Amino acid sequence: MERKRLGVLGGMGPKATTVFIDQIIENTPADRDQDHIDMVILNHASLPDRTHVILENSGELFLQEIEKDIRLLEYAEVANIVMPCNTGHYYINEMQAMTTIPIIDMVEETMREIADNFGGGVKVGILATNGTLRSGIYSESARRYGMIPQEPDMDVQQQVMSIIYGDIKRGIASDPAKLEGIIQGMVEKDGCSCVIIACTELSIIKLSEETKKVSIDAMDVLVQKSIELSLVR
């Protein structure tokens, strides 16, 4: 089996990056160290906040810095690049234009996974940062797949942002019941067939098996696609 080197644009945020790396390791079929995937990980925590640059229309600040990281990964001769940050995918087209190395599109892969498992025409909830919601990357992709996107109302979105920025980014353990309550509300009140965990900070929270049945974590999808493309038979 051929193993292709994987480049990771990390640090968005740092804890989410460690969870992504751990999941890659845990889900890779391996009996020894040498069976695992070689990764070049850039934990660039000082990158400008993605939500801020989207809301302030100052994406060039982010892109100038991320291009330096892409050049480092090119030098390291990685075969594929991943970015475990949903909000940053607003800039994926500009980033892909910087390099010939494929950048795995977490949004596209997630929507394809939902289409395969739930079919077209379903209503899908989107739990993400204000920046991701403002960018429309998930809503637009959902519509392309014939789905109906459902964003949280203002009060619920404030709760989501509180979990992301008030708890996780500050290193505070978030009670899973808070996120699970939001997901169940979108299913029961808003009629969603599936709710997307579209923020890698939210991916840190361990959900119950019951909640997992009505949700799909974009990070999980990215992990599986990264392994698939890195292990070639």
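The largest cavity receives lining residues from both domain 1 (6–105 + 221–230) and domain 2 (106–217), so it lies between them. The domain bounds come from an automatic or database domain assignment. This is a predicted model, in which local features need pLDDT of at least 70 and side-chain atom pairs count only at pLDDT 80 or more, while totals for chains, interfaces and linings use all residues. Residues are numbered from 1 along each chain as its sequence is written, and side-chain values use heavy atoms, with hydrogens and water left out.

## Volume and lining

A search of the whole structure finds one cavity of 30 Å³ or more; a cavity is a set of points, on a 1 Å grid over the protein atoms alone, where a 1.4 Å probe fits but cannot get out. The volume of the largest cavity is about 100 Å³, volume being the space filled by probe spheres set on the points. Among the 16 lining residues (those with an atom within 4 Å of a point), Arg 50, Cys 85, Thr 87, Thr 129 and Glu 201 are the closest to its centre.

## Backbone features in loops

The peptide bond from Met 12 to Gly 13 is cis, with omega near -10°. Gly 13 is found in the loop between β2 (6–10) and α1 (14–27); helices (H or I, at least four residues) and strands (E, at least two) are DSSP runs, numbered from the N terminus.

Asn 57, a residue other than glycine, has a positive phi near 55°. Asn 57 is placed in the loop between α2 (50–55) and α3 (59–75).

Technical notes
1 Å grid on protein atoms, 1.4 Å probe; cavity = no way out; pocket = protein on both sides within 12 Å on 5 of 7 lines; lining within 4 Å.
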